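Dear colleague,

Please find below the structure that I am handing over to you.

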Amino acid sequence: MDHSGHGMTMDLPPFTLGRGLEWSADPFFLVACLAGLALYGWGVVRLVRRGDKWPVGRTVAFVLGVLSIMLMMCTGLNDYGMVMFSVHMVQHMVISMVSPILILLGAPITLALRALPTAGRGRKGPRELLLMFLHSRYMRIITHPAFTIPLFIASLYGLYFTPLFDTLMGSKPGHIAMMVHFLAVGLVFFWPIMGVDPGPHRPGYLMRMLELFAGMPFHAFFGIALMMASEPMIGTFKNPPASLGIEALSDQNAAGGIAWAFSEIPSVLVLVALLFQWYASDQRQARRTDRAADRDGDKELEAYNAYLASLNAQGR
């Protein structure tokens, strides 16, 4: 079936999971995802060939993250997402809240910094430019919670509850730009919280958890607002094709339920990742302390014992 009509006049049959998972590639996302996988693979191969190790778990996470984008944008889900609010919401939630987490756990920036060659003294190659970008004022701004949390919230309320959403859905470039925006917002929001890669804004683990829970409730409120609405709120989905056999309001209620439920999924994923990173950080710190003690004969402990002994002597 031809889906080149960008969803506005598609005569799609009723949605089933099988139809939703049929291959129907968006060229932009297909090329972008394949390029991302190829570059990541090049980086891993380059490290392995020079004898360095790269954690398999990171590679698996990155690949799953990219494949989740392809699943949303290169199958029938993308076609049905143009005319069904519920399917569109699945796309939005996965691309903004699941794909970014998996991609960030893959540490692509760390891989790039390790795989790219240095340009030499006085010259600037891709590696040097990437480092400059990471340490730029721009990056400090867009990774600060004062920017990321409002952006995360505004990408929901400011998009769906204004005419902007219908405008973007009215053209293929607009739809692509919206999906890229969802992915970018997710990456910017989750990177300072649980990203493995180095970044300019990296608060303590407790603060990261607070940042996470500051943003998540707004997703739940957004979902509840859609579920409680008494009439269709989004113009694009007000008149679904008769061939789908669905009613606009019930489809909107389903979309709200999906948005509400998805607010819990990334919270659990990120919390698990954060706790694991916190534990690993404590273990590394303990090993560094042990090595320092081995080098200096545990002078810190000896000094502490001497201090206790002096207190004991004074007590007499």
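**Cavity, pockets and selected contacts**

The lining of the largest cavity divides into four nonpolar residues, five polar residues and no charged residue. In this classification Ala, Val, Leu, Ile, Met, Phe, Trp, Tyr, Cys and Pro count as nonpolar, Asp, Glu, Lys and Arg as charged, and the others, Gly among them, as polar.

Please note that this is a predicted model, in which local features need pLDDT of at least 70 and side-chain atom pairs count only at pLDDT 80 or more, while totals for chains, interfaces and linings use all residues. Residues are numbered from 1 along each chain as its sequence is written, and side-chain values use heavy atoms, with hydrogens and water left out.

Regarding the cavity, a search of the whole structure finds one of 30 Å³ or more, and the volume of the largest cavity is about 40 Å³. The residues that line the largest cavity are His92, Ser96, Phe152, Ser155, Leu156, Phe182, Val185, Gly186 and His219. At least two lining residues come from each of helix H5 (85-105), helix H9 (145-160) and helix H11 (172-194). Helices (H or I, at least four residues) and strands (E, at least two) are DSSP runs, numbered from the N terminus.

On a 1 Å grid over the protein atoms alone, a cavity is a set of points where a 1.4 Å probe fits but cannot get out, whereas a pocket is an open set with protein on both sides within 12 Å along at least five of seven lines. Lining residues have an atom within 4 Å of a point. Grid points are joined across faces, edges and corners, and a volume is the space filled by probe spheres set on the points.

The largest pocket holds about 860 Å³ of space. Its lining consists of 31 residues, of which Gly36, Phe62, Ile103, Pro108 and Leu187 lie nearest its centre. Two or more lining residues of the largest pocket are given by each of helix H2 (27-49), helix H3 (56-73), H5, helix H6 (108-115), helix H8 (137-142) and H11. H2 gives the most, with ten residues. By class, the lining of the largest pocket comprises 28 nonpolar residues, two polar and one charged.

The second largest pocket has a volume of about 470 Å³. It is lined by 19 residues, and Leu105, Val196, Ala273, Phe276 and Gln277 are those nearest its centre. The elements giving two or more residues to this lining are H3, H5, helix H12 (205-228) and helix H14 (264-296), with H14 giving the most, at seven residues. Eleven residues of the lining of the second largest pocket are nonpolar, three are polar and five are charged.

Turning to the aromatic residues, the structure holds 17 aromatic pairs. Phe189 and Phe190 form one that is edge-to-face, at 5.0 Å centre to centre and with 80° between the planes. Rings of Phe, Tyr and Trp (its six-membered ring) pair if their centres lie within 6.5 Å; planes under 30 degrees apart count as stacked, over 60 as edge-to-face and the rest as tilted. Phe189 is buried at 1% relative accessibility, and Phe190 is buried at 0%. Buried means under 20% relative accessible area, exposed over 50%, and partly exposed in between (1.4 Å probe, protein chains only). Ring pairs also link Phe85, Tyr157, Tyr160, Phe161, Phe165, Phe222 and Phe237 into a cluster.

Three further residues may be of interest to you.

- Gln252, in helix H13 (residues 248-262), is buried at 2% relative accessibility. A polar atom of the Gln252 side chain lies 3.2 Å from the backbone oxygen of Glu231.
- Leu164 belongs to helix H10 (residues 164-169) and is partly exposed, with a relative accessible area of 44%. Leu164 and Gly174 are ten residues apart in sequence, and their C-alpha atoms are 9.9 Å apart in space.
- Ala107 lies in the loop between H5 and H6 and is buried, with a relative accessible area of 0%. Phi of Ala107 is near 50°, a positive value in a residue other than glycine. Ala107 and Pro198 are 91 residues apart in sequence and 8.9 Å apart in space, C-alpha to C-alpha.

With kind regards

How values were computed. Polar contact = N/O pair within 3.5 Å; in protein donor to acceptor, adjacent residues only side chain to side chain.
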